[in-house]
Every structure is written in structure tokens, then in C-alpha cells.
Amino acid sequence: MKIKVFLFLIIVGFLLARCSIFDDEVVYSCDPDINKIVNANIAVYKNLDRAEWKKLAPEMKIPVYRTFSSEKKRLFWKSKYKELQNLKWTEAEKAHIDLLYSLLEKQPDLFDQNTLKDQRKMVSFTVFCYNWNQYAVDSLKWDKKFVYAVSASGAEIKSSEVAYWDNDSSNTCGCSQKSDWCDIAGELYGVSACRSHPCEKTNDGCGTLWRFSCDGICKNAYD
């Protein structure tokens, strides 16, 4: 029953999504100062590899990621996958990680903007991510911080430390309502869910594999 309700909400969400996130004008950051920096240096940023990307200031990482071509984004996550393969896992954990990252080969168009606009493909991907995350928590007994670190953070996993996003700006969408990781930060900082907000939306950079549009802000359950 829970998965049926989730699927219904996801379909409705895609049907009601504002067309503004598909405007021809690319917005790398809703912070005008950061967006200006990215536009001024796009020739450099779009050619960074992931090793160079990891050295950027935290507030620059996702805006710069958005300058990458669809193929470069795919290679970005392949690099993350290679790092994960070098860590020690149980057979079940390894198989589950392989299942997620096999999408990079099975769906080479995953990061194309046309895929983001394809409701059928995105609903299928969203349901896949939901089931993948639930299995990680329910069967592998990973806590949600670790699921986030494996599947929804471009940072390298070296320890139990997990990098969280900064969502202090009231006009910047910093999370995805369809692939919501606000509850991870909520365990530490009191925010609980990605809520609809009249913030400026961006095409990608949120959710699992950063494949979802940023269309809300993290809000406390009691706000």
C-alpha cells in the first residue's frame, strides 16, 4: 500500500511540476553571486574532473557540477562508484551498490535533460530509488546517513563522516521533493522534510545521483 501511495504522489508531482525548471536559460546557482562566478569561469569549470571538483569550496560544488555535460556527469558517478568498490563490503552490500551504479551503463542517457523531461522515465527512476533506499535501510540495516553518503553525495566516503548541503538561503531550492534527503540532516539539525516553497528551481543537483530537480527547501516538521 505504501509503495502505491508513493507512486501516486510521484506521478502527481511530475504532472504538476512548474515548467520554469526547463527554461532554456541554465541557472547554475540561485545565489546570484555564485551564478555569476560560474558563468564567468564556465570554460574552466565544465572541464574539471572529479578529483579537481572535490577541492572546490562546498558552496561551489553543485553549481559547478551543473556545468558538466550529461556524459561528464555519468563519468563523475562512475568515479564515485570506483571509490566505493575499493571499500570493504559484505556480499549483499556489494550487490546492492552494484545494482544502483549499474544504471550508469544500462541507462547511458540517465543524465540527459530530455530524460529529466520524460515523465515515464523519471517516475520509473524515482520508484527504483525509493525501493533501493528502503532495501538498504530495512535489509542491510544501513542508517539513512550512510545511504545518503553512498547514493546521494558526490563526496568520497572515507569514514562515517557525511557532508550535508547548506540550505540557509531562503530563495534557493536546496532539496528535491521527489528524492527527499532532508530527514538525514534532520537527525542532527532538526529539519525533517523537503517542502514546497516559492524558491528558484534548478534542473538537477538534488536527490539520488543528483538526478532530480531542486524544487523545495528543508523545513522543520513543526514550522
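The model is predicted. The disulfide count comes to three. Two residues other than glycine, Leu 209 and Trp 210, deserve a look for their positive phi values.

**Disulfide Cys 175–Cys 194**
- Cys 175 and Cys 194 are joined by a disulfide, with the sulfurs 2.1 Å apart.
- The torsion about this S-S bond is about 85°, so the link of Cys 175 and Cys 194 is right-handed.
- Cys 175 sits in the loop between α11 and α12 (182–189), while Cys 194 belongs to strand β1 (residues 193–196), so the bond ties together parts 19 residues apart in sequence.
- Both Cys 175 and Cys 194 are buried.

**Disulfide Cys 182–Cys 218**
- A second bridge links Cys 182 with Cys 218, at an S to S distance of 2.0 Å.
- The link of Cys 182 and Cys 218 is left-handed, with -75° about the S-S bond.
- Cys 182 is part of helix α12 and Cys 218 is part of strand β4 (residues 216–219), so this pair connects parts that are 36 residues apart in sequence.
- Cys 182 has 0% relative accessibility and therefore counts as buried.
- Cys 218 has 12% relative accessibility; the cut-off for buried is under 20%, so Cys 218 counts as buried too.

**Disulfide Cys 206–Cys 214**
- Cys 206 and Cys 214 form another disulfide, with 2.1 Å from S to S.
- A value of 105° about the S-S bond goes with a right-handed link between Cys 206 and Cys 214.
- Cys 206 is buried, because its relative accessibility is 6%.
- Cys 214 is buried as well, with a relative accessible area of 1%.

- Cys 30 lies in the loop between α1 (2–16) and α2 (32–40).
- With 5% relative accessibility, Cys 30 counts as buried.
- Cys 30 and Gly 174 are 144 residues apart in sequence, yet their C-alpha atoms are 9.5 Å apart in space.
- Cys 129 has a relative accessible area of 4%, so this residue is buried.

**Helix α11**
- Helix α11 spans residues 144–151.
- Its buried residues include Val 147, Tyr 148, Ala 149, Val 150 and Ser 151.
- In an α-helix there are 3.6 residues a turn, so residues three or four places apart point the same way.
- Val 147 and Ser 151 are both buried.
- At the start of α11, a side-chain oxygen of Asp 143 comes to within 3.2 Å of the backbone nitrogen of Lys 145.

- Most residues other than glycine have a negative phi.
- Leu 209 has a positive phi, near 55°.
- Leu 209 is placed in the loop between β2 (202–206) and β3 (212–214).
- The relative accessible area of Leu 209 is 0%, so Leu 209 is buried.
- Trp 210 also has a positive phi, near 50°.
- Trp 210 is found in the loop between β2 and β3.
- Trp 210 is buried, with a relative accessible area of 7%.

Terms used:
Residues numbered from 1 in each chain as written. Predicted model: local features only at pLDDT ≥ 70, side-chain atom pairs only at ≥ 80, totals over all residues. Heavy atoms only, no water. Buried < 20%, exposed > 50% of the residue type's maximum accessible area, 1.4 Å probe, protein only. Helix = DSSP H or I, 4+ residues; strand = E, 2+ residues; numbered from the N terminus. Polar contact = N/O pair within 3.5 Å; in protein donor to acceptor, adjacent residues only side chain to side chain. Disulfide = S-S within 2.5 Å.
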